[in-house]
Amino acid sequence: MSARCQVLGTVPGFGHSISHSHVRTKRRWSPNIQRKHYWVPSLGRKVTLRVSAQGIKTIDRKGIDVVVAAILARGERV
């Protein structure tokens, strides 16, 4: 399962870890993905979303109905 936020589309970032001796090794920064259950009044049911911590804040700000409508408009399954 990919580390991708369904609300914001956040994906892992890639780069290098740099040691004290300046040796560079590949590393990856994963977003803080969590599985959250929300009640969506417009659908009349609960939905489970894979969202990042920033995505949870976005849902709190905009509301779950607006966010789910945007996800459905993109053609994603909820």
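Helices here are DSSP runs of H or I covering at least four residues, numbered from the N terminus. With that in hand, the predicted model can be followed from its overall layout to its individual residues.

The overall layout comes first. The secondary structure of the chain consists of two helices and four strands, and from the N terminus on these elements follow the order β-β-β-β-α-α. The radius of gyration is 16 Å, well over the 12 Å that the globule rule gives for 78 residues, so the chain is more spread out than a compact globule. Along the principal axes, the C-alpha atoms fill a box of roughly 55 × 20 × 15 Å. Of the 78 residues, 29% count as buried. The accessible surface comes to about 5,500 Å², and carbon and sulfur atoms account for 53% of that area. As for contacts between residues at least 6 apart in sequence, 39% of them join residues at least 24 apart.

In soluble globular proteins, nonpolar side chains tend to be buried together. In this model, the largest nonpolar core has 14 residues, and those touching the most other members are Val7, Tyr38, Val47, Leu49, Val51, Ile59 and Ile64. Strand 3, strand 4, helix 1 and helix 2 each supply at least two residues of this core. Helix 2 makes the largest contribution, with four residues.

Helix 1 spans residues 53–62. Within helix 1, Gly55, Ile56, Thr58 and Ile59 are buried. These residues cover an arc of only 160 degrees around the axis, which puts them on the same side of helix 1. The face turned away from that buried side carries the exposed residues Asp60 and Arg61. Cover for the buried residues of helix 1 includes strand 3, strand 4 and helix 2.

Leaving aside neighbours within four places in sequence, Thr58 is in contact with Val7, Leu8 and Gly63. Gln54 is also found in helix 1, but at 42% relative accessibility Gln54 counts as partly exposed. The C-alpha atoms of Gln54 and His37 are separated by 16 Å, with the two residues 17 apart along the chain.

Helix 2 covers residues 64–73, and its buried residues include Ile64, Val67, Val68 and Ile71. Seen down the helix axis, the buried residues fall within an arc of 95 degrees, so they line one face of helix 2. What covers them includes strand 3 (33–40), strand 4 (45–52) and helix 1. Helix 2 is followed by Gly75, where phi is positive, near 90 degrees.

The segment after helix 2 also holds Glu76. Not counting residues up to four places away in sequence, Glu76 touches Arg4, Gln6 and Ile71. Glu76 and Gln6 are 70 residues apart along the chain, and their C-alpha atoms are separated by 8.4 Å. The side chains of these two residues are joined by a polar contact of 3.5 Å. A further polar contact, of 3.0 Å, joins the side chains of Glu76 and Arg74.

Most residues other than glycine have a negative phi. His22, although not a glycine, has a positive phi of about 70 degrees. The residue lies in the loop between strand 1 (13–18) and strand 2 (24–29). With a relative accessible area of 48%, His22 is partly exposed.

Technical notes
Residues numbered from 1 in each chain as written. Predicted model: local features only at pLDDT ≥ 70, side-chain atom pairs only at ≥ 80, totals over all residues. Heavy atoms only, no water. Buried < 20%, exposed > 50% of the residue type's maximum accessible area, 1.4 Å probe, protein only. Arc of directions from axis to C-beta. Contact = heavy atoms within 4.5 Å. Polar contact = N/O pair within 3.5 Å; in protein donor to acceptor, adjacent residues only side chain to side chain. Rg over C-alpha atoms; globule rule 2.2 N^0.38 Å. Areas by Shrake-Rupley, 256 points an atom, 1.4 Å probe, with all protein chains shown as cover. Core = buried A, V, L, I, M, F, W, Y, C linked by side-chain atoms within 4.5 Å.
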